[in-house]
Amino acid sequence: SSTDFSLLQEERPVSGGDPEKLEAVEERRKSQERGAEQLAETRSRREEVLQKALEENKHLQQDGGGEADPKMEQIKENRKERHAAGVRRNKELQVETVWLKQW
């Protein structure tokens, strides 16, 4: 899809003026237009890559997750265990704090 970036800037009438300055202005405008087109192409490619990744992820989820990476599973389990230990320790500290406040 081609985007017309020439509409992004207002056309201002130029009366007289130095031809070299006018040429420089026109070159700057064209350069900005090329830059905007390149950014649009980059954004389009990124969206395509993201869409493809989302589709692959969806297919993996539908297929039961496919082969799970054992290392990733171990990391997930370790994270759960550390979280559970932290929750237990937090409860212990709360109990100790309540007990100490009673004294």
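Student: What makes a stretch of residues count as a helix here?

Tutor: A helix is a DSSP run of H or I with at least four residues, numbered from the N terminus. In this predicted model, K80 is found in helix α2, which spans residues 70-102. The secondary structure of the protein chain comes to two helices and zero strands.

Student: Why is K80 called partly exposed?

Tutor: Exposed requires over 50% relative accessible area, and buried requires under 20%. K80 has a relative accessible area of 48%, so K80 falls in between and is partly exposed.

Student: What makes K80 part of a positive surface patch?

Tutor: The patch is formed by K76, R79, K80 and R82. Lys and Arg count as positive, and a patch residue needs over 30% relative accessible area and no salt bridge, with like charges joined within 9 Å.

Student: Which residues gather in a patch of negative charge, and why is E23 called exposed?

Tutor: D18, E20, E23 and E27 gather in that patch on the surface. E23 lies in helix α1, residues 19-62. Its relative accessible area is 57%; the cut-off for exposed is over 50%, and E23 is therefore exposed.

Student: How do you know that R29 and E26 form a salt bridge?

Tutor: The definition asks for a side-chain nitrogen of Lys or Arg within 4 Å of a carboxyl oxygen of Asp or Glu. For R29 and E26 the N to O distance is 2.5 Å, so the pair qualifies as a salt bridge. The two residues are three residues apart in helix α1, and are therefore separated by about one helical turn.

Student: Are R29 and E26 buried or exposed, or in between?

Tutor: R29 has a relative accessible area of 22%, and E26 has 31%.

Student: What makes the contacts of R89 salt bridges?

Tutor: The closest N and O atoms of R89 and E92 are 3.4 Å apart, and the N to O distance between E96 and R89 is 3.9 Å. Each value meets the condition of within 4 Å. R89 and E92 are three residues apart in helix α2, about one helical turn. At 42% relative accessibility, R89 counts as partly exposed, as does E92 at 41%.

Student: How many salt bridges does a search of the whole structure find?

Tutor: The search finds four.

Technical notes
Residues are numbered from 1 along each chain as its sequence is written. This is a predicted model: local features need pLDDT of at least 70, side-chain atom pairs count only at pLDDT 80 or more; totals for chains, interfaces and linings use all residues. Side-chain values use heavy atoms; hydrogens and water are left out. Patches are made of residues with over 30% relative accessible area and no salt bridge: like charges are joined within 9 Å, nonpolar side chains (Val, Leu, Ile, Met, Phe, Trp, Tyr) within 5 Å. Accessible areas come from the Shrake-Rupley method with a 1.4 Å probe; for residues, only the protein chains shown count as cover. The place of a charge is taken as NZ of Lys, CZ of Arg, CG of Asp or CD of Glu. Buried means under 20% relative accessible area, exposed over 50%, partly exposed in between (1.4 Å probe, protein chains only).
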